[in-house]
Amino acid sequence: MKLVVIDGQSGRMGQLFIERLRAAALSCEVLAIGTNAIATSAMLKAGADNGATGENPVLVACRTADIIAGPIGILAADSLLGEITPAMAVAIGQSRAKKLLLPVNQCSNLVAGVPAMSLNRLMDEAVELLGTLL
């Protein structure tokens, strides 16, 4: 299974997610796509198999991904403080991959019905869900 993790800004969310899935010994190929070099670097340090930065890697990776994971903002153009381009949001949204979206109520994207939880608890739940998808 090919898991594409997309994150921006500092890459902290993607980094924590990759660290947790590696600790859980989930078997999948992890491709880290950062919207900037700092995010990509953080996810590579966390244990991603490969990494790339920018819009075109998102477009290419979405074609072959089995699962795409990242903050819910990756589906909205101009989110993550403008780091998600319209083309990226479309590629992610139209991908046939399953989307594992982390509900972070920031950047004008608010998710109703989702209780506020710590980033640690959110990562635990995300890795548990990923395990069921794999």
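**Fold, burial and selected residues of the predicted model**

Leu 80 lies in helix H4, which covers residues 79-82; helices (H or I, at least four residues) and strands (E, at least two) are DSSP runs, numbered from the N terminus. Leu 80 has a positive phi of about 55° although it is not a glycine. With a relative accessible area of 7%, Leu 80 is buried, where buried means under 20% relative accessible area, exposed over 50%, and partly exposed in between (1.4 Å probe, protein chains only). The structure is a predicted model, in which local features need pLDDT of at least 70 and side-chain atom pairs count only at pLDDT 80 or more, whereas totals for chains, interfaces and linings use all residues. Residues are numbered from 1 along each chain as its sequence is written, and side-chain values use heavy atoms, with hydrogens and water left out.

A positive phi is also found at Gln 9, a residue other than glycine, with a value near 50°. Gln 9 belongs to the loop between strand E1 (2-7) and helix H1 (12-23). Its relative accessible area of 31% makes Gln 9 partly exposed.

The protein as a whole contains six helices and five strands, arranged along the sequence in the pattern β-α-β-α-β-α-β-α-α-β-α. The radius of gyration, taken over C-alpha atoms, is compared with a globule rule of 2.2 Å times the number of residues to the power 0.38. For 134 residues, a compact globule would have a radius near 14 Å, and the 13 Å of the protein agrees with this. The C-alpha trace spans about 35 × 35 × 30 Å along its principal axes. Of the 134 residues, 44% count as buried. Contact means heavy atoms within 4.5 Å; among contacts between residues at least 6 apart in sequence, 68% join residues at least 24 apart.

The protein exposes about 6500 Å², of which carbon and sulfur atoms supply 53%; accessible areas come from the Shrake-Rupley method with a 1.4 Å probe, and for residues only the protein chains shown count as cover. The mean positions of the 10 positive and 11 negative charges are 4 Å apart. Lys and Arg count as positive and Asp and Glu as negative, while His and the chain ends are not counted; the place of a charge is taken as NZ of Lys, CZ of Arg, CG of Asp or CD of Glu.

A search of the whole structure finds zero disulfides, a disulfide being a pair of cysteine sulfur atoms within 2.5 Å. Cys 28 is in no disulfide, and the nearest cysteine sulfur, that of Cys 62, is 16 Å away. From the side of Cys 62, the closest cysteine sulfur is that of Cys 28, and the separation of 16 Å is too far for a bond. Cys 28 counts as buried at 10% relative accessibility, and Cys 62 is buried with a relative accessible area of 5%.

Cys 62 is also a contact of Ser 95, which touches Ile 68 as well when neighbours within four places in sequence are left aside. Ser 95 is found in the loop between helix H5 (86-94) and strand E5 (98-102), and counts as buried at 8% relative accessibility.

A further loop, between helix H3 (55-64) and strand E4 (67-71), holds Ala 65. Ala 65 is buried, with a relative accessible area of 10%. Apart from neighbours within four places in sequence, Ala 65 is in contact with Lys 2, Val 4 and Ala 97. The C-alpha atoms of Ala 65 and Arg 96 are separated by 7.9 Å, although these residues stand 31 residues apart along the chain.
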